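Me: Hey, I'm new to this one. Can you walk me through it?
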Amino acid sequence: MALSGVEIFKLLPKTNCKKCGHPTCLAFAMKLAQRQATLESCPDVSEEAKKILGEASAPPVRPITFGAGDKAVKMGEETVLFRHDKKFVNPCAFAVEIPDTLAEAEMASLSEQVVQSEIDRVGQKLRIDAIVLTNASGDAGKLEAAAKVVAAKATGVPVIINTTNAQAAEAAMKHVGDKRPILYGANASNVEAMAAVAKANKAILGIAANGLEELSTLTEKVKSLGVEDMVIDSGARKAKEIIENNTLIRRAAVKKNFKPLGYPIINFMQREDGLHEALVASTGVAKYASIVVLSSVEKWKNLALFTLRQNIYTDPQVPMQVEQKVYNIGDPKAGSPLFITTNFSLTYFIVSGEIENSKVASRLAVMDCEGLSVLTAWAAGKFTASKIAQFITESGIEKEIAEKELIIPGYVAILSGSIEDKLPGWKITVGPREANAIPAFLKTRG
Ligand code: SF4
């Protein structure tokens with residue numbers, strides 16, 4: 001069970017030395033209990049206390065990194081059942097299954113589709129994150145040959161080797177074993193042999209159980225065999241079972257700190273019908289899956305699932321923001337228009353998109369308003385005449401433009417006079433209220 005602030009306090013040095021950045025040990029203990037501080041901040045904590053507190057303060061869902069390099073996937077670390085309680089930490093990964101019974105050219109083509117699946121949405125790169133290589137043939141040689149193809153064609157993409165045959169797993173590991181893969185398929189009858197392969201290759205072990213009871217027994221067994229990193233599959237395949245089992249797993253981990261189920265979940269969603277598959281997959285995205293396995297790469301399905309994932313894993317307490325700076329749109333010259341807006345991602349992408357549509361090269365000054373949209377930022381006192389004047393002055397943009405003119409959003413037309421007062425020598429022009437009127441507005445300026 002998680003420790004209370006007072007229980008944690010009893011284990012701290014109680015010197016109130018402030019080295020942790022908190023005024024007292026009790027204040028630090030309270031932050032630790034709320035998971036808003038980490039134990040490393042106290043340099044004087046005893047080894048014994050470290051052991052007790054380390055276990056108690058570990059996230060209830062074990063943090064695990066799958067794959068290596070730029071495309072590595074972080075999983076686990078979740079601490080809540082509901083996103084509005086805090087936030088969901090690590091977005092689920094999408095993986096596409098490639099059976100080793102396919103012809104080499106088909107495997108290569110699917111691998112390339114995974115590599116090319118990346119899209120840019122509201123400033124984030126979204127993609128199919130991993131490949132599940134399934135030993136459908138049952139043949140160790142075929143799995144090894146397939147692992148070789150996938151490793152060559154999908155360089156850097158994390159791989160899940162899906163087999164119940166430890167010899168086949170060992171053979172496939174020769175090609176992907178150095179990239180922190182998942183070895184999925186450990187069950188009640190092969191667990192020792194599969195754990196040995198995972199341990200030897202520093203792979204994450206995927207547990208394939210039949211129900212939650214067997215799952216708990218298997219994870220305990222695997223831990224006793226020296227493998228700490230696991231992903232777990234309760235055996236659920238129907239949407240209703242997936243929601244039920246995933247919820248029971250997350251609840252046991254988060255509410256009861258039940259360690260045998262405190263691991264990232266893998267769900268297999270493959271269906272004959274793509275629409276059906278997307279619907280079932282969406283239940284996993286919404287309810288606690290860390291890896292969602294699909295049967296194919298299809299742009300329409302990707303877009304729907306990527307969008308859902310992005311929305312669910314956006315921190316509800318932190319608006320999406322872009323960096324404060326003056327962005328060039330097209331290739332602006334000294335006489336090109338200069339717009340200003342706030343740094344709420346959606347505002348930036350809509351405004352910059354409309355300027356792009358107008359085909360008039362421009363500059364867009366994006367001001368840090370803590371991710372608020374124009375009207376909200378103005379109402380909150382973050383998009384004011386003085387702050388706008390300060391930002392424009394400090395940006396140094398004045399040196400790059402021929403005529404000192406700033407186009408402000410129509411919604412804050414009321415600010416035009418006061419900005420002119422604060423920015424002597426500048427002309428303030430009121431632009432359209434809605435971004436979609438920007439192309440027409442620019443046309444009228446000639
Ligand atoms: S650094 Fe440690 S001993 Fe010092 S105040 Fe913080 S918790 Fe207490």
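Reply: Strands (E, at least two residues) and helices (H or I, at least four) are DSSP runs, numbered from the N terminus. This is a predicted model, where local features need pLDDT of at least 70, side-chain atom pairs count only at pLDDT 80 or more, and totals for chains, interfaces and linings use all residues. Residues are numbered from 1 along each chain as its sequence is written.

Me: OK, how does S11 pair with S12, parallel or antiparallel?
Reply: Parallel, over four bridges, with S11 covering residues 265-268. Phe268 has Val293 of S12 as its bridge partner. Between S11 and S12 the chain runs through helix H10 (residues 274-286), a right-handed β-α-β crossover.

Me: And which way does S3 pair with S12?
Reply: S3 (residues 93-99) pairs with S12 in the parallel sense, over four bridges. There, Ala93 sits opposite Ile291 of S12.

Me: Is S12 itself mostly covered or open?
Reply: Mostly covered: six of the six residues in S12 (residues 289-294) are buried, meaning 20 or more other C-beta atoms, placed from the backbone, lie within 10 Å of a residue's own.

Me: Switching to helices, at what angle do H4 and H5 cross?
Reply: Roughly 35°, and the axes of H4 (residues 104-115) and H5 (residues 140-153) come within 9 Å. Those axes are lines fitted to C-alpha atoms over the stretch in contact, with angles from 0 to 180 degrees between N-to-C directions.

Me: Which residues make the contact?
Reply: Among them are Met107 and Ser111 of H4, and Val149 and Lys153 of H5, with contact meaning C-beta atoms, placed from the backbone, within 7 Å.

Key:
Buried ≥ 20, exposed ≤ 12 C-beta atoms within 10 Å, placed from the backbone. Pairing = 2+ DSSP bridges. Right-handed = clockwise from strand over helix to strand, strands pointing away. Contact = placed C-beta atoms within 7 Å.
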